[in-house]
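Visitor: I'd like to learn how to read a fold from its coordinates. Could you walk me through one?

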Amino acid sequence: MAIRAIIKVPDERLKQLSEPVEQFDEALRAFIDELEETRLSGPGAVGIAAPQVGHFQRIVIVDVSNMRKPVANHGYMILVNPEITHWEGFELGREGCLSVPDYTGNVIRAEQIRLTAQDQWGERHEYEMSGFEARAIQHEVDHLDGITFLDRLVSRRTDLFQRKVYQKKSNKSGEKKSK
Ligand code: NI
């Protein structure tokens, strides 16, 4: 296994559309292991999407179970070919991203979503989620469509915030973790 380099803005590859996964084989599972290792090697990211490491397939990993404020969530999720099938409500919240290391931003997202996705074996699952977990998923699925949170800001002038120091994994603050 290996830790992959994270592609950062303004790299044009972050705008690339990722392709559906069709082969659920050992190569896929080995890649997912590397993606997770890369997520864990960084500054406490709750999520990562395959295109962030230059692999343009529809794969994301999300795990919000280490948040400071415990909320109901699904824990560690590997989502292959995720599709959001239902959106409800909306809410403004702060987001960060491994590909945008110097800033956080306020983004409007659906408050509740329904989602279907396959796992690393190709089995299909359905999920319902809300709040921060739903936000994390929407953020990661955007990466598969070549969209970063910077594209979702209502205003770059009022909704973009420079980070002083990129938060380390050991930091207790759970509210500005990256996705
Ligand atoms: Ni991101």
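Visitor: What share of the residues in the protein chain is buried?

Guide: Buried means under 20% relative accessible area, with exposed over 50% and partly exposed in between (1.4 Å probe, protein chains only). Here buried residues make up 49% of the 179 in the protein chain. Keep in mind that this is a predicted model, where local features need pLDDT of at least 70, side-chain atom pairs count only at pLDDT 80 or more, and totals for chains, interfaces and linings use all residues. Residues are numbered from 1 along each chain as its sequence is written, and side-chain values use heavy atoms, leaving out hydrogens and water.

Visitor: How many helices and strands does the protein chain have?

Guide: Helices (H or I, at least four residues) and strands (E, at least two) are DSSP runs, numbered from the N terminus. This chain has two helices and eight strands, in the order α-β-β-β-β-β-β-β-α-β.

Visitor: Which strands form the open sheet, and in what order?

Guide: Strands pair if DSSP finds at least two bridges between them. Five strands line up as β1-β2-β3-β6-β7, with antiparallel pairing. β1 (47-49) and β7 (124-130) are the edges, each pairing on one side only. For angles, axes are lines fitted to C-alpha atoms, for helices over the stretch in contact, and values run from 0 to 180 degrees between N-to-C directions. Ignoring direction, neighbouring strands of this sheet are turned by 35° against each other on average. β6 (residues 112-118) and β7 share seven antiparallel bridges; Thr 116, for one, has Glu 126 in β7 as its bridge partner.

Visitor: Where do the helices lie?

Guide: α1 (residues 26-41) lies across β1, β2 (59-62) and β3 (77-88), at about 40° to β2. α2 (residues 131-144) lies across β1, β2, β3, β6 and β7, at about 110° to β3.

Visitor: Which residues have the most contacts inside the largest nonpolar core?

Guide: A nonpolar core is a set of buried Ala, Val, Leu, Ile, Met, Phe, Trp, Tyr and Cys residues joined through side-chain atoms within 4.5 Å. The largest has 20 residues, and Met 77, Leu 79, Ile 113, Leu 115, Tyr 127, Met 129 and Ile 137 have the most contacts inside it. Its largest share, five residues, comes from α2. A second, separate core of 14 residues includes Leu 28, Ala 45, Ile 59 and Val 80.

Visitor: What lies over the face of Phe 161?

Guide: A charge sits over a ring if NZ of Lys or CZ of Arg is within 6 Å of the ring centre and within 35 degrees of the ring normal. Arg 94 does this at 3.6 Å from the ring centre of Phe 161.

How values were computed
Contact = heavy atoms within 4.5 Å.
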